[in-house]
Amino acid sequence: FWDRALIIFLLAVAFITVAPFIYVVAGSFSTEKELTERAFFLIPHTISLNAYKYIAQTGEVFRGLKNSFIITVIGTLCSLFFTATFAYPLSKVHFKGRTLILNLVIVTMVFSGGLIPTFLVVRHLGLYNHFAALVLVGAISPFNMIIMKSFFAGVPVELEEAATIDGCNDWSIFWRIYLPLSKPVLASIGLFCAVSLWNDYFNAMIYLADPLKETVQIVLRRIVLLASGGDQINSAMFDFDAMGAPPDKAVKMAATVVATVPILCVYPFIQKYFAKGVMVGAVKG
């Protein structure tokens, strides 16, 4: 009895968690009449693609998706590389100055230079209006670095001693021993970095001035603002069906789906590592 009750409870919790997103997807295919009359639904009675037609034909959605994809992939790889190479030496107890560097890292978790000094540094380095500004600003997260350091510290020292006897140097040990064993933590931190870079709106708005370099979040925001004007949507300019211009609510839901689905597709590929990675640093009995 209790097992069945627990399964039913977990299914109910899962439905409550997933239902809002299903409603957003369903609402993006709905008409204005249905969105007005039905407060909540999971399957629309009448399916309309006008919201997606408006998004696809209005702005540079595909260019924004391409820019966001480039920034996310390169930024995630750079973040993993910098974080791993920073955490590896700090995981060694014989490393001189290890405590001082760790304390300085912890300080940055509480205090930061601020927005204006960071902007001035980015502009002085010639990174303004370049993708590198989004990739390098915050490339190393102190929290992620400490998690990876803890994972490296838990690797048996006997593996390193055996590799040293076989003639491996520190760089070879890092690439051939530690990184292959670190797939769970790399997958978890990589997912966090990818989601953060994909959803990054504020930094893209500050550091990118060229419209051709806008990320998908910037493009979708402009589309949603245009749709919110209502009378600014000229049906003659778009290939709408007989239902006419889509309501602004449907456009906002469609924009949410367009911005969310691509990053959701990443999770199934790293799911088997993610469960292990999130437990790194947990208390073990």
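**Packing and pockets**

Author: Let us begin with Leu-220, which, once its neighbours within four places in sequence are set aside, is in contact (heavy atoms within 4.5 Å) with Ile-55, Val-61, Ala-255, Val-258 and Ala-259. Please keep in mind that this is a predicted model, in which local features need pLDDT of at least 70 and side-chain atom pairs count only at pLDDT 80 or more, while totals for chains, interfaces and linings use all residues. Residues are numbered from 1 along each chain as its sequence is written, and side-chain values use heavy atoms, with hydrogens and water left out.

Reader: Fine. How many residues does the largest nonpolar core have, and which have the most contacts inside it?

Author: That core (buried Ala, Val, Leu, Ile, Met, Phe, Trp, Tyr and Cys residues joined through side-chain atoms within 4.5 Å) has 26 residues, and those with the most contacts inside it are Ile-55, Val-61, Leu-220, Ile-223 and Val-251. Buried here means under 20% relative accessible area, exposed over 50%, and partly exposed in between, with a 1.4 Å probe and protein chains only.

Reader: And which helices supply at least two residues of this core?

Author: They are α1 (2-28), α3 (50-58), α11 (183-199), α13 (216-228) and α14 (248-264), with α14 giving the most, at nine residues. There is also a second, separate core of 21 residues, which includes Ala-84, Ile-147, Ala-163 and Phe-174.

Reader: Stepping back, how many helices and strands does the chain have, and what share of its residues count as buried?

Author: The chain has 15 helices and zero strands, where helices (H or I, at least four residues) and strands (E, at least two) are DSSP runs numbered from the N terminus. Of the 285 residues of the chain, 38% count as buried. As for the contacts between residues at least 6 apart in sequence, 72% join residues at least 24 apart.

Reader: Give me an example from α14. Is Ala-250 buried or exposed?

Author: Ala-250, which lies in helix α14, counts as buried, because its relative accessibility is 0%. The C-alpha atoms of Ala-250 and Ser-30 are separated by 6.8 Å, although these residues are 220 apart along the chain. Leaving aside neighbours within four places in sequence, Ala-250 is in contact with Gly-27, Ser-28, Ser-30, Leu-35 and Ala-51.

Reader: Changing topic: how much space lies in the largest pocket, and which residues lie nearest its centre?

Author: About 780 Å³ of space lies in the largest pocket, and of the 28 residues lining it, Leu-136, Val-137, Gly-138, Ala-139 and Ile-140 lie nearest its centre. On a 1 Å grid over the protein atoms alone, a pocket is an open set of points with protein on both sides within 12 Å along at least five of seven lines, a cavity is a set where a 1.4 Å probe fits but cannot get out, and lining residues have an atom within 4 Å of a point. Points are joined across faces, edges and corners, and a volume is the space filled by probe spheres set on them.

Reader: Which helix gives the most to that lining?

Author: α11 does, with four residues. The helices that each supply at least two residues of the lining of the largest pocket are α4 (61-90), α5 (98-110), α6 (115-124), α7 (131-136), α8 (142-153), α11 and α12 (202-207).

Reader: What about the second largest pocket, and which residues lie nearest its centre?

Author: The second largest pocket holds about 430 Å³ of space and is lined by 19 residues, of which Thr-76, Gly-190, Ala-194, Val-266 and Ile-270 lie nearest its centre. At least two lining residues each come from α4, α11, α14 and α15 (267-277).

Reader: How many cavities of 30 Å³ or more are there?

Author: The structure holds one. The largest cavity has a volume of about 40 Å³ and is lined by Ser-68, Ile-71, Leu-134, Leu-197, Trp-198, Asp-200, Thr-215 and Gln-217, with α4 and α11 each supplying at least two of the lining residues.

Reader: One backbone point before we stop: where is Asn-129 found, and what is its phi?

Author: Asn-129 is found in the loop between α6 and α7, and its phi is near 65°, a positive value in a residue other than glycine. Asn-129 counts as buried because its relative accessible area is 19%.
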